[in-house]
Amino acid sequence: MSGEEFVPLSLTPLLIGVFAAVACALPGNFLVLRKQALIGDAISHVVLPGIVVAFLVTGMVSTWPMMIGAAVAAVLAVGLIEAIRRLGRIEPGAAMGVAFTSMFAAGVLLLEQSDTSGVHLDVEHALYGNLESLIWLDAIGWRSLADPVALAGLPDELIRMGLTLIVVAAFVWLFWRPLKLSTFDEGFARTMGMRTGVLGLALVIVAAIAAVAAFDAVGSIIVIAMFICPPAAARLMTNRLEVQIAWSIAFAVLSAVLGYFIAGYGPQMLGAQNAVSASGMIATVSGVILALAAFFGPCRKRTGAPAV
Amino acid sequence: MLWDALFLQLGYNATLVTIGACFLGVAAGVTGTFLFLRKRSLVSDAISHATLPGVALAFIVMVSLGGEGRNLIGLLTGSAISAGFGLLCVSWLTRQTRLAEDAAIGAVLSVFFGFGVVLLTVIQSMSSGRQAGLEGFLLGSTAGMLWSDAIVIAVGGALTLAVVLGLRRPMGLVAFDPEFAAANGMNVARIDLAIMGLAMAVTVVGLKIVGLILIVAMLIIPPVAARFWTDRTDRVTLLAGFAGGVSGYVGAALSASAPAMPTGPIIVLVGFAIFAISLFFAPNRGVLSAVLRHLRFQRRVHMRQGLLALAQGQPIYEKLTLRLLRRAGLARADGVPTETGRARAAKALRDEKRWEVVRADQAFEGAAALYDGLREIETVLTEDQIGEIDRRIGGLKGVIA
């Protein structure tokens, strides 16, 4: 596989996949530790009504309105879940289930009603994305990385995903101590004067930003895989948070790279013609990594009796 | 048009879908209740997403064996196998590793669905055009529903309900209080698997009508809605079945009565409407009832504090208190008490004094524990006891005019 083939066709999708995976895995660590992993599930499902409403309001299939629509939908969903939880005194899982399935149903209904089911906005795309299509045709080889004209033709998703990764990493870096403290001992964090409620909400919003940025590339359902599987696998490898974050980044990168290559070149090696879905394969690889960690990870055993 | 739809006058397909959806709603509502009570509602999300690889694999197997590839029973069998495997993975991850339940659910959900998506793309390249029916399993596809499909759904739903009926006692106990069930010797893990297995059966049966993404709604929303109306598990189950059936029936009828109304989402939204009505208007647990209770409580507190202030000659600044006292004829607009007001205020002050004595005296310990600032002392002590306390603090005096 030469530079002429790799750089235009594989480099950018690979990088986008890696950025998306890491951007999701970072907040995912804290979500998994706080037992809020399924908020990623909820956010991924409500992305659809968000982009449908944005499409209806602006009348065009353009990225910024859709991202804003998705972000608003995510915040709305979190608000709705909290409202249902408090007003109805319903347990969090069921509240999430009620909120996001109803919003998703509303999104599908709007989609059908506004007759956009033929246009670019189809449900399948929002669900499993189109990573392979984010190519960089302006490049002609490795030397294009130094060529400003070619660099101007980089796909927007790469810039977006890179920026999102920087924002997410900055959040985790800046709020490292409060996040760590409030995740493990919320009461103590509150006595130290930390605003744990605000911090929890900020964490969910950062996760939502990562999810919204990533859904365009890898689709919304796969985002959940990235929120949960690398951090969960990392959790089974160590007892220390810093090491867990490092493992989760490593697993996320590994899933993205392996998944992309297996999806692109695996079928060829098995004698088949076409590639398979890259984002699906990334999710599958992350699942395999989790399975391996669950069988062989050093810290996989539960101490004490399991909750019945 | 809607009337016709509700009375099943809109033709063969519409009637089939409506009755099938009603059955599905009842089965889903009843089964989902056990999941909800067990605080594992989102396992249904994992189960439903885990059906995708099974459906795709079944399709591939059937096509490679020379068949059409869209035989419903074959596809549903495939979905059941992969969903069952997904269930076992969730159960294993939760019990054998230190991952929490929600992480296990999310992991199984996304990985199985991702693998299913990979298989879907394999199918796409395999025999283009033949996989068009499979994507209908994502959101449901009721157009062109066959009699055999309806039979599958009806039989599946009925079987599920029968099993639920048979296993309702152990499942109910494990869902409600698993530790007690374990202490009683029940095999909690196996009964958990039974609960999740039944949810899986409902999911598989519902794949055709509402698709895998929205079947989750039918398993979660009716039990949550039913929970507002009662505190007894058997009634929650029945009400959930009823709510599910109604949302299935009305939703399917609505969707048949107008164009561009996909069945699955409409059923879910009708279910959400039922939930919203329950949230706000249910007696006891509903929001409206809570607000009314709070207002009633507020009025009692203000009234009591107002009377005590009147009795001690303190000025009242709080507008609500003044308004309540005026409306009850106990005070005038400027805060000066009326005759009845002074009598009531004196009684309130005496009651406070009586309570003070009760709470200071060891002999009245039981009664003292019932003091909350609003409780009438006559409901706690007998006349003789009150008389004895009055002897201690000085007898009743008339209020000076």
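How are α4(B) and α5(B) oriented to each other, roughly parallel or roughly antiparallel? The views below take up this pair first, in a predicted model where local features need pLDDT of at least 70, side-chain atom pairs count only at pLDDT 80 or more, and totals for chains, interfaces and linings use all residues. Residues are numbered from 1 along each chain as its sequence is written, chains are lettered from A in the order in which they are written, and side-chain values use heavy atoms, without hydrogens and water.

**View 1. Packing of helices α4 and α5 in chain B.** Helix α4 spans residues 72-96 and helix α5 residues 101-126; helices are DSSP runs of H or I, at least four residues, numbered from the N terminus. Their axes come within 9 Å and cross at roughly 150°. Axes are lines fitted to C-alpha atoms over the stretch in contact, with angles from 0 to 180 degrees between N-to-C directions. α4(B) and α5(B) are therefore roughly antiparallel (angles over 145 degrees). The crossing is right-handed (the near helix is turned clockwise from the far one by less than a right angle). On α4(B), the contact residues include B:Phe85, B:Cys89 and B:Leu93; on α5(B), they include B:Glu101, B:Ile105 and B:Phe112. Contact means heavy atoms within 4.5 Å. By class, 8 residues are nonpolar, 3 polar and 1 charged (nonpolar: Ala, Val, Leu, Ile, Met, Phe, Trp, Tyr, Cys and Pro; charged: Asp, Glu, Lys and Arg; polar: the others, Gly among them).

**View 2. Packing of helices α2 and α11 in chain B.** Helix α2 covers residues 12-37, helix α11 residues 233-257. The angle is about 150° and the axes lie 7 Å apart. That makes α2(B) roughly antiparallel to α11(B). The crossing of α2(B) and α11(B) is right-handed. Glycines in the contact include B:Gly25 and B:Gly29 of α2(B), and B:Gly241, B:Gly244, B:Gly245 and B:Gly248 of α11(B). The contact has 14 nonpolar, 10 polar and no charged residues.

**View 3. B:Arg38 and its partner B:Asp192.** B:Arg38 sits in the loop between α2 and α3 (43-64) of chain B. B:Arg38 is buried, at 9% relative accessible area (buried is under 20%, exposed over 50%, partly exposed in between; 1.4 Å probe, protein chains only). Its side chain makes a polar contact of 2.7 Å with that of B:Asp192 (a pair of N or O atoms within 3.5 Å; within protein, one must be able to donate a hydrogen and the other to accept it, and residues adjacent in sequence count only if both atoms are side-chain atoms).

**View 4. B:Arg300 in helix α13 of chain B.** Helix α13 runs over residues 287-311. B:Arg300 is partly exposed, at 47% relative accessibility.

Definitions and conventions. Helix = DSSP H or I, 4+ residues; strand = E, 2+ residues; numbered from the N terminus. Parallel < 35°, antiparallel > 145°, perpendicular 65-115°, else oblique.
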